[in-house]
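Work through the exercises below with the sequence and the coordinates at hand. Each task is followed by a solution in steps.

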Amino acid sequence: MDIEATIARHTVRRAVFVGPPLIALFWVFRGSDGAIGASIGVAVIVGNFLLSGWILSLAARFGLTAYHAAALFGFVFRLLLITGTMFGIVAFMDLDRLAFGITAVATYLALLVLESIHVLKGGERELEWTQ
């Protein structure tokens with residue numbers, strides 16, 4: 001079982017609760033351009049979490065050292081990838097940068113907090129490594 005990928009998928013499922021309110025908020029205050037920018041911001045972060053789970057699951061197959069290296073360097077790599085992706089999207093698309101950036105940061109933090117709360121409440125017990 002790829003525990004890391006499963007946790008990433010669980011985290012991404014919570015985007016259903018985070019994304020639509022942010023998109024609606026920017027639609028109300030910034031119009032359709034704000035909604036489009038917010039939607040793309042959510043998509044970038046969802047992709048980041050899925051990539052994270054995949055990288056860690058793959059590294060776990062090679063041993064603990066590879067797993068630790070993937071966790072440390074993968075985090076830095078993914079942050080650079082998010083930044084590069086955001087700059088690339090803004091360079092090629094005319095969208096609301098404010099909505100895009102705020103939504104990406106808010107989605108990232110909200111999904112981390114929601115997943116942390118879920119884990120603290122024991123919601124991931126089926127994924128225990130000791131079983």
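**Exercise 1.** Within what distance do the axes of α1 and α2 come, and at roughly what angle do they cross? State the relative direction of the two helices and list the residues in contact.

Solution. The model is a predicted one.
- Step 1: the axes of α1 and α2 come within 7 Å, and their crossing angle is roughly 170°.
- Step 2: an angle over 145 degrees counts as roughly antiparallel. The two helices, α1 and α2, are therefore roughly antiparallel to each other.
- Step 3: on the α1 side the contact is made by E4, A5, A8, R9, T11, V12 and R13, and on the α2 side by A15, V16, V46, F49, L50, G53, L56, S57 and A60.

**Exercise 2.** How many of the residues of helix α1 are buried, which are they, and what covers them?

Solution. 
- Step 1: helix α1 spans residues 3–13 and is mostly covered, with eight of its 11 residues buried.
- Step 2: the buried residues of α1 are I3, E4, A5, T6, A8, H10, T11 and V12.
- Step 3: the cover over these buried residues of α1 includes α2, α3 and α4.

**Exercise 3.** Describe how α2 packs against α3 and against α4.

Solution. 
- Step 1: the axes of α2 and α3 come within 10 Å and cross at roughly 155°. That angle makes α2 roughly antiparallel to α3.
- Step 2: the crossing of α2 and α3 is right-handed. From α2, the residues making the contact are I40, V44, I45, N48, L51, S52, I55, L56, A59 and A60; from α3, they are A66, Y67, A70, A71, F77, R78, L81, I82, T85 and I89.
- Step 3: for α2 and α4, the axes come within 8 Å and cross at roughly 45°. This makes α2 oblique to α4.
- Step 4: the crossing of α2 and α4 is right-handed.

**Exercise 4.** Which residues touch the most other members of the largest nonpolar core, and which helix gives the most to this core?

Solution. 
- Step 1: the largest nonpolar core has 19 residues, and I45 and F100 touch the most other members.
- Step 2: at least two residues of this core come from each of α2 (15–60), α3 and α4 (97–120).
- Step 3: α2 gives the most to the core, namely nine residues.
- Step 4: leaving out residues up to four places away in sequence, I45 touches I82, A104, T107, Y108 and L111. I45 is also among the α2 residues that make the contact with α3.

Terms used
Residues are numbered from 1 along each chain as its sequence is written. This is a predicted model: local features need pLDDT of at least 70, side-chain atom pairs count only at pLDDT 80 or more; totals for chains, interfaces and linings use all residues. Side-chain values use heavy atoms; hydrogens and water are left out. A nonpolar core is a set of buried Ala, Val, Leu, Ile, Met, Phe, Trp, Tyr and Cys residues joined through side-chain atoms within 4.5 Å. Buried means under 20% relative accessible area, exposed over 50%, partly exposed in between (1.4 Å probe, protein chains only). Helices (H or I, at least four residues) and strands (E, at least two) are DSSP runs, numbered from the N terminus. Contact means heavy atoms within 4.5 Å. Axes are lines fitted to C-alpha atoms, for helices over the stretch in contact, and angles run from 0 to 180 degrees between N-to-C directions. Angles under 35 degrees count as roughly parallel, over 145 as roughly antiparallel, 65 to 115 as roughly perpendicular and the rest as oblique. A crossing is left-handed if the near helix is turned anticlockwise from the far one by less than a right angle, and right-handed if clockwise.
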